[in-house]
Amino acid sequence: MVMGQDADTAAIATEMIWIMNTLLFLIGGFLVFFMAAGFAMLEGGLVRSKNVTMQMTKNVALFSLATLAYWAFGYNLMYPLGSWSVQGVLSGVFGTGVLEAVGVTLANADDASYAATGSDFFFQLMFCAATASIVSGALAERIKLWPFLFFVILLTGIIYPIQASWKWGGGFLDEGGFLDFAGSTVVHSVGGWAALTGAIILGPRIGKYKDGRVNPMPGSNLALATLGMFILWLGWFGFNGGSQLAMGSVGDIADVSRIFANTNAGAAGGAVVALILTQVLYGKPDLTMILNGALAGLVSITAEPLTPSLGMASLIGGIGGVIVVFAVPLLDKFQIDDVVGAIPVHLCAGIWGTLAVVLTNSEANLGTQIYAILVVGFFTVTTSGAVWLILKATLGIRVSEEAEITGLDVSELGMEAYPEFSKG
């Protein structure tokens, strides 16, 4: 009788672990989903009023298209489940993502030691869609809608999943010891590289750089941009916390709480450093830099949010804030026009965060981290660059000069976000 009770207890414990892990993915997933609203509000606040409707349209469309592309191709490209057509490089599993049966039992679950397939698909999709959101803001105010959306389909259905499989699908970077807990490189630098490549090919906005000078183009609504930043900060708890991938033990849930605390500290460090540094450099604090400083802090801590102390997490995030303050004007020196600062935040801070793993995780190797950064960067630049160039040669990626001056809301959509105040 006792042996039977022990078996029943063990079965219940196994089932509860599966349930709790699934719950973590679902909670983390809908927090990361809310980041879609954060990206939309941040971009809507940082573009001029004549382009706000276009940014809202792009953000709704890109998330929806990412959902379909990730279902159709991306999920199975990202998780080969041991079936590689090219070992460790390209998945041998092609086709649409498939969920478990309705009312599945633990015995018939796809992975009884992990979580429900639906929760895993949902959680991983949110990361994929976030990658496309990064590109949207950088290329704002001068890119055509449909070519951008074609790029999103290829980015989320093919480019992102292939390189993500190299780490999170058990590919060659993972086997080589590359560490990236929640995606400073796998997610953020990929979005940053794609944005950088697109910004160079697309060119700057009319009037942004003239006679060797940088002409500021203030955003339409800094209150909206601030709301977007706070929504992203909130969503990041799901982004990093959910990446623990387990909530079925005391140790796991304690680690999730540690990740939450370090994630928050990283953001705070980035914001405070940007606040102080802009005061010192410019004589006044710069809100846009402070917003991006917080986001850079979040990106910086994403590669390793578990092992740092609170002080070290704040320092790692703080260096992210430094990077943003200096990288934004550096891009302007090269006349690379990034409307919202996505490249400094997601690419530059993403590289820093990936390198910073070695400061607190004894299993990390600096050479391996650098190698992975270079591999992912080369792959993303070459593939996204090829897509941008093909789109430029076929459909054209840039709106006409007249349309850009008028604003994309009217010229591309015929619908203004602020009908009474849109002439700015």
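Colleague: How many residues does α10 have, and how far does α10 reach from its first C-alpha to its last?
Modeller: α10 has 24 residues and reaches 35 Å, close to the 34 Å expected at 1.5 Å a residue (1.5 Å times one less than the residue count; helices are DSSP runs of H or I, at least four residues, and strands of E, at least two, numbered from the N terminus). The model is predicted: local features need pLDDT of at least 70 and side-chain atom pairs 80 or more, while totals for chains, interfaces and linings use all residues. Residues are numbered from 1 along each chain, and side-chain values use heavy atoms, without hydrogens and water.

Colleague: Where does α10 bend?
Modeller: The bend, about 25°, is at A327, with P329 following within four residues (the angle between axes fitted to the seven residues ending there and the seven starting there).

Colleague: And just after α10, which residue takes a positive phi?
Modeller: That is Q335, with a phi of about 55°.

Colleague: Which residues of α10 are buried?
Modeller: Among them are A313, I316, G317, V324, A327, L331 and D332 (buried: under 20% relative accessible area, exposed: over 50%, partly exposed in between, 1.4 Å probe, protein chains only). Their cover includes β3 (209-210), β4 (213-214), α8 (250-282), α9 (287-302) and α11.

Colleague: Which residues of α10 meet α11?
Modeller: On α10 they include I316, I323, A327 and L331, and on α11 the partners include V345, C348, W352 and T360 (contact: heavy atoms within 4.5 Å).

Colleague: Changing topic, is Q87 buried or exposed?
Modeller: Q87 is exposed, with a relative accessible area of 56%. Its place is in the loop between β1 (84-86) and β2 (90-91).

Colleague: What separates Q87 from T288?
Modeller: Their C-alpha atoms are separated by 44 Å, and the two residues are 201 residues apart along the chain.
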